[in-house]
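Please walk through the structure below, one region at a time.

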Amino acid sequence: MDEHKSLSEKMAIERMPSPEIVYIPMSQHIGAPCAPVVAKGDSVKVGQIVGNSDAFISAAVHSSVSGTVEDIKKMYTADGRFCECVVIKSDGKDEMVDNLTDFKDYKDHKIDDLIPFIKEKGIVGMGGAGFPLHAKLKSEDPVLDECIINGAECEPFLTCDHRIMLEKTEEILEGLDIFSHFYNKEVSYMAIEENKPDAIEKMEEVISAHPNWSHLKVVGCQTKYPQGDSKRLSEAVVGRIVPQNGVTNDVGVFLTNVGTTLAFYEAMIEGRPSYERVITVSGSGIKEPKNILVKIGTPVGDILKFCGGIKENHVEIVCGGPMTGKSVFDMDSPITKTTSGILVFTEEEVKPNVESPCIRCSRCVDHCPAHINPTDVNHAILKGNLDLCIELHADQCMECGICSFVCPAKRHLTASVKLAKREIRANMKK
Ligand code: SF4
Ligand code: SF4
């Protein structure tokens, strides 16, 4: 698979200035959406909570600018969720909220004490899943005794995790050190795909220069999509296989993304909530590919303008990576905590995708990391045979997109399996 990372991997992170307007989505994570806790006309500061929820599987959302709440309205986010957004007009001052609390004295506490703090800081999985971090932080049932930071960044085009590993190395390792304090003081892992040798080298250099970090180990993983999937990485790094319908916590493995670890460090040591993130803007249709630090809630249109604008021959704009991302159809739609990139493609990357009959080559079956038979699921769902989809374990699909990518007949396999998975889950709820 051509990785296309060279377009942006050498571009140092640039901070994008605050936009005039941000749209802060109330749903940026797996779990219950937040409800706004501000009203039209309120003044807000950077880092102030503007949405919250009492549900355990949820995470607070914060303003990313200082200014005035102009509206609260439903709209689409860049990744296609339709939810309430707090619309804030920036005053251009970027004034921080007072009294941000940190958790530097974590060594005097149990891991469970961190849970309300991390929930309030709004930290969620930034690799794309958006699972609230506090809901993974537990001490028992089962005991978590392996700790892995996921720096695989296996999707083509995306380079934001690569850049933060190069530019925020100390902070990420300090975040890993905090996790290791609770989970495994003997050895904890920083897993990086081998196509990022400079990041592996930099991590090893910083660890060897730090006398107290000899328990942190960098693991170079094979460059192979979807290596960054948590289940694949758990098996690759510590040999623990996650069962069907399970998560890494079920096999005693604490695993989180590298961007999430940076956000965790910033909350624990600097007291900062999650209101900005690094994203990659790339593809042959953008004039200036970049890695940028951008405020959550910034509209896609402003981001593209900051990167020189889009070329006339662009055909598609995607939020996320090319394998798992979603098409963007509204330039006002805002990025969220889980947005890893905005990609602009021309015909160079988006080939006509007309389906032809399956030639039974079995490539989709051979490549599926979840051991599903995508072509059989495709036939079953087209015939409306949900029982057969269940038998074929379509609900175990991790939506990696590789089956569609390898299919010479251009069958819409990922879309079919995703549909089957949704139908199975809806049926189970009934
Ligand atoms: S998207 Fe396709 S290849 Fe990926 S897990 Fe689902 S069925 Fe398998
Ligand atoms: S990869 Fe495409 S052509 Fe080959 S078996 Fe799967 S669906 Fe059929």
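**Helix packing, ligand shells and a sheet**

Helix H9 (residues 374–382) packs against H12 at an angle of about 65°, and their axes lie 9 Å apart. This is a predicted model. The crossing in which H9 passes H12 is left-handed. On the H9 side the contact is made by Pro-374, Thr-375, Val-377, Asn-378 and Ile-381, which meet Leu-413, Ser-416, Val-417, Leu-419 and Ala-420 of H12. By class, the residues of this contact are seven nonpolar, three polar and no charged. An α-helix has 3.6 residues a turn, so residues three or four places apart point the same way. That spacing can be followed in the contact list, which includes Pro-374, Val-377 and Ile-381 in H9, and Leu-413, Ser-416 and Ala-420 in H12.

The next region is the surroundings of the ligands. Around ligand 1 there are 15 residues, of which Cys-368, Ala-370, Cys-397, Cys-400 and Cys-403 come nearest. Helix H11 (402–406) and helix H12 (413–429) are the elements that give two or more residues to this shell. The largest share comes from H12, with three residues. Sorted by class, the shell around ligand 1 holds twelve nonpolar residues, two polar and one charged.

Ligand 2 has 14 residues around it, and those that come nearest are Cys-358, Cys-361, Cys-364, Thr-375 and Cys-407. Of these, Thr-375 also belongs to the H9 side of the contact with H12. The shell around ligand 2 divides into nine nonpolar, two polar and three charged residues.

S11 runs parallel to strand S10 (residues 188–193), and six bridges join the two. Within this pairing, Met-190 has Val-218 in S11 as its bridge partner.

Is helix H2 (residues 160–167) largely enclosed or largely open, and why? Six of its eight residues are buried, so H2 is largely enclosed by the rest of the structure. The buried residues of H2 are Cys-160, Asp-161, His-162, Arg-163, Ile-164 and Met-165.

Key
Residues numbered from 1 in each chain as written. Chains lettered and ligands numbered in written order. Predicted model: local features only at pLDDT ≥ 70, side-chain atom pairs only at ≥ 80, totals over all residues. Near = placed C-beta within 6 Å. Helix = DSSP H or I, 4+ residues; strand = E, 2+ residues; numbered from the N terminus. Nonpolar A, V, L, I, M, F, W, Y, C, P; charged D, E, K, R; others polar. Buried ≥ 20, exposed ≤ 12 C-beta atoms within 10 Å, placed from the backbone. Axes fitted to C-alpha atoms, helices over the stretch in contact; angles between N-to-C directions. Left-handed = near helix turned anticlockwise from the far one by under 90°. Contact = placed C-beta atoms within 7 Å. Pairing = 2+ DSSP bridges.
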